[in-house]
Amino acid sequence: MTVSDRKEREKEMRRKDIIDTAEKLFFEKGYENITMADIAKGTELARSTLYLYFKNKKEIYLVISIRATEILNNMFEEYYLKGQTGIEKVKMLMTAFYKFYKEYPDYYDVNWSSYKILIDHNLPKMKEVKKIRMKSFSLFGRALQEGMKDKSIRSDIDPVKANLVLASSMQNVFNLPPTIKLHMENNNLTHEELIYYTLDMMIHSLK
């Protein structure tokens, strides 16, 4: 290994350490409560060194957002293959989203719950973020198109609108407001029961 290669490797390891430390701090204390000084302290780096890698905590947050989306996309691709018909593929994709929500709650919160960062098109990583998010969106669209073709999904739906309705409906049932939670308690209904009932209703609405 050359000196140049070693330095590049050390630089990459340090960058990963910064991201890992920031991720842990964001998850434990909340994005709003963490500063670049906190991240520098956690990595045992001088703030000036930290700024050589990231201009601000938004840039670090976006890298964590990419991590989260890549995990979800991998789950989508795995579950997509489990469906035989278009409607089955849609159901499998929604199941994958729920599994991600349950198994990676902190990563879910990064992208789909708190929306801590408004879309800033000038941030270097924003183009990559939008690209990988569109990947999962297009997978749902493909499943809907397949379903319309194999007649497991009704032919009068608009794939784009249906895609948006599915995505927003799932996020809404994951992120319940206090009033809905109160009604659930009064009716002895668990969150999981409501989620599965919602998924079932959405699937039936496509048939």
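A salt bridge is a side-chain nitrogen of Lys or Arg within 4 Å of a carboxyl oxygen of Asp or Glu. This is a predicted model, in which local features need pLDDT of at least 70 and side-chain atom pairs count only at pLDDT 80 or more, while totals for chains, interfaces and linings use all residues. Residues are numbered from 1 along each chain as its sequence is written, and side-chain values use heavy atoms, with hydrogens and water left out.

**View A. Salt bridge between Glu 77 and Lys 135.** The N to O distance for Glu 77 and Lys 135 is 3.0 Å. Glu 77 lies in helix 4 and Lys 135 in helix 7 (residues 126-150), so the pair links parts of the chain 58 residues apart; helices (H or I, at least four residues) are DSSP runs, numbered from the N terminus. Glu 77 has 33% relative accessibility and counts as partly exposed, as buried means under 20% relative accessible area, exposed over 50%, and partly exposed in between (1.4 Å probe, protein chains only). Lys 135, at 45%, is also partly exposed.

**View B. Salt bridge between Asp 20 and Arg 67.** The closest N and O atoms of Asp 20 and Arg 67 are 2.7 Å apart. Asp 20 is partly exposed at 28% relative accessibility, and Arg 67 is partly exposed at 21%.

**View C. Salt bridge between Lys 82 and Glu 78.** The N to O distance for Lys 82 and Glu 78 is 4.0 Å. Lys 82 is partly exposed at 44% relative accessibility, and Glu 78 is partly exposed at 43%. Elsewhere, salt bridges with shared partners join Lys 16, Asp 20, Glu 23 and Arg 67 into one network. The structure holds seven salt bridges.

**View D. The largest nonpolar core.** A nonpolar core is a set of buried Ala, Val, Leu, Ile, Met, Phe, Trp, Tyr and Cys residues joined through side-chain atoms within 4.5 Å. The largest one has 57 residues, and those with the most contacts inside it are Ile 39, Val 90, Met 94, Phe 97, Phe 100 and Phe 174. Helix 4 (residues 57-80) supplies the largest share of this core, ten residues. A second, separate core of five residues includes Leu 62, Met 126, Val 129 and Ile 132.

**View E. Surroundings of Phe 100.** Not counting residues up to four places away in sequence, Phe 100 touches Ala 68, Ile 71, Leu 72, Met 75, Pro 105, Tyr 107, Tyr 108 and Trp 112. Contact here means heavy atoms within 4.5 Å.

Key
Helices (H or I, at least four residues) and strands (E, at least two) are DSSP runs, numbered from the N terminus.
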